[in-house]
Amino acid sequence: MRYHGKTRRQLRNGLLGLLSLCSLTAAAADWSQIEQEAKGQTVWFNAWGGDEAVNHYLDWVSGEVKRDYAIDLRIVHIADAADTVKRIQTEARAGRKTNGSVDLLWVNGENFRTLKEANLLHTGWAEQLPNWRYVDVSKPVREDFSVPVEGAESPWGSAQLTFIARQQQTPQPPRSAQAVLEFAKAHPGTITYPRPPDFTGTALLEQLLIDLTGQPEALKQPPEEKTFVAVTAPLWAYLDQLHPLLWRNGKDFPPSPARMDTMLANGTLRLSLTFNPMHAKQKVAKGQLPKDSYSFGFSNGMIGNVHFVTIPANASASAGAQVVANFLLSPAAQLRKADPAIWGDPSVLDPAKLDAEQQKTLQALMPENTPPVLAEPHAAWVNALEQEWLRRYGTH
């Protein structure tokens, strides 16, 4: 049927186009209002402060958002996001509904799950950020350790568990859990891992569990008391064999991956461990690891994830926090962060959504020859594995 020369389909398409335009205009107006509200706000950003390169990068971010958005971004350097989670919980119990001390938090996994399940987060905002349009949605940006994100946190970097070795010492690295055990037998006292609950140490436990368990499907759900022993038995049997072969016979463990880097550099260890596939390149560029340092992983894959920023429900400056989160997703911020001479944290953006020059730059910065990314177990496994590890090995 025609209406004054137009078909029904043309009218419908025109109406959909008009509605879409109205929707975009409304979204732009909403964002403009958020930016206006953010002006002059002080945003307290709690972020892991254990790496000099990360701290320098965040200082740069502070300067950029001050200049462009009149936001006073204060970085609170933390050792463990779990400490900030406890503070947010304490404030909620004390009735601080709108004047919380944390506006933005670098988070993922178990800490995100804890806050989300307790309804202590703003939800539904992340995919409304204007720079969300650049995000690579094929990455796990909509779930975090099997927990649906539901717009409660915004991605800003991706990571993968990665080993580091030196070409001179280790021209042929071990590329499976079994090969690591054989390597430890051949070179006793030269490998170890960070003491859980260090994040990277726990990640290695998860990696080994994925490789060794006969029930990998159980890892997609929270651990169950009745099956925990059977699911994890191969992991503990493996560690019982491995620990006597470790540095200091597995009676002591380095407190952090940074300590392992130092021990790799001075020849004490043959392997270090990181959750950033660009870490070795970055540390070599800064002269903090020997030039022959290189990254590797298991042939069948290494666990990886996306790390996020989230906004507590009681944030004092939620508008400012959203503007900062949006800036962290901008091509300029992501490209700078991905550069190993700056930080070397892999981007969460889709190169195909960028302009030709940005696309070329980003592709040049992407990690090479990385193993397949394996999904991490459900967030509830973190605490369960840490507690059992501490019970078995923590008193040494």
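**Domain interface**

Between them, domain 1 and domain 2 bury about 1500 Å², with 55% of this area on carbon and sulfur atoms. Of the area that domain 1 buries against domain 2, E110, F145 and P340 supply 34%, more than any other three residues. The model is a predicted one.

**Domain arrangement**

- The protein is divided into domain 1, covering 31-157 + 305-365, and domain 2, covering 162-296 + 376-393.
- The centres of domain 1 and domain 2, taken over C-alpha atoms, are separated by 28 Å.
- In domain 1, 20 residues are in contact with 20 residues of domain 2.
- The rule finds 1 salt bridge across the interface of domain 1 and domain 2.
- A salt bridge also joins the side chains of D51 and K283, at 3.4 Å from N to O.

**Nonpolar cores**

- The largest nonpolar core contains 47 residues, and those with the most contacts inside it are F45, Y57, L58, V61, L73, L104 and W156.
- At least two residues of this core come from each of α1 (8-38), β3 (42-48), α2 (52-69), β4 (72-78), β5 (104-107), β12 (302-310), α10 (318-328) and α11 (331-338).
- Helix α10 provides the largest share of this core, 7 residues.
- Another core lies apart from it and has 44 residues, including L204, L209, L235 and M263.
- Leaving aside neighbours within four places in sequence, Y57 is in contact with W156, A333, Q334, R336, K337, I342 and W343.

**Helix α13**

- Helix α13 comprises residues 380-393, 14 residues in total, and reaches 20 Å from its first C-alpha to its last, close to the 20 Å expected at 1.5 Å a residue.
- The buried residues in α13 are A380, W381, V382, A384, L385, E386, E388, W389 and Y393.
- These buried residues of α13 pack against α4 (110-117), α6 (199-212) and α7 (225-242).
- Within α13, R392 and E388 are 4 residues apart, about one turn of the helix.
- The side chains of R392 and E388 form a salt bridge of 2.8 Å, N to O.
- An α-helix has 3.6 residues a turn, so residues three or four places apart point the same way.
- R392 is partly exposed, with a relative accessible area of 32%, whereas E388 is buried, with a relative accessible area of 14%.

**Other salt bridges**

- The structure holds 15 salt bridges.
- In helix α2, R67 and E64 lie 3 residues apart, about one turn of the helix, and their side chains meet in a salt bridge of 3.0 Å, N to O.
- R67 is exposed, at a relative accessible area of 58%, while E64 is buried, at 15%.
- Salt bridges with shared partners join E64, R67 and D68 into one network.
- The side chains of R166 and D292 meet in a salt bridge of 3.1 Å, N to O.
- Because R166 lies in strand β9 (residues 162-166) and D292 in the loop between α9 (279-285) and β11 (293-296), this pair ties together parts that are 126 residues apart in sequence.
- R166 is buried, with a relative accessible area of 14%.

Technical notes
Residues are numbered from 1 along each chain as its sequence is written. This is a predicted model: local features need pLDDT of at least 70, side-chain atom pairs count only at pLDDT 80 or more; totals for chains, interfaces and linings use all residues. Side-chain values use heavy atoms; hydrogens and water are left out. A nonpolar core is a set of buried Ala, Val, Leu, Ile, Met, Phe, Trp, Tyr and Cys residues joined through side-chain atoms within 4.5 Å. Buried means under 20% relative accessible area, exposed over 50%, partly exposed in between (1.4 Å probe, protein chains only). Contact means heavy atoms within 4.5 Å. The expected span of a helix is 1.5 Å times one less than its number of residues. Domain bounds come from an automatic or database domain assignment. Buried area is the accessible area (1.4 Å probe) that two parts lose on being put together, summed over both. A salt bridge is a side-chain nitrogen of Lys or Arg within 4 Å of a carboxyl oxygen of Asp or Glu.
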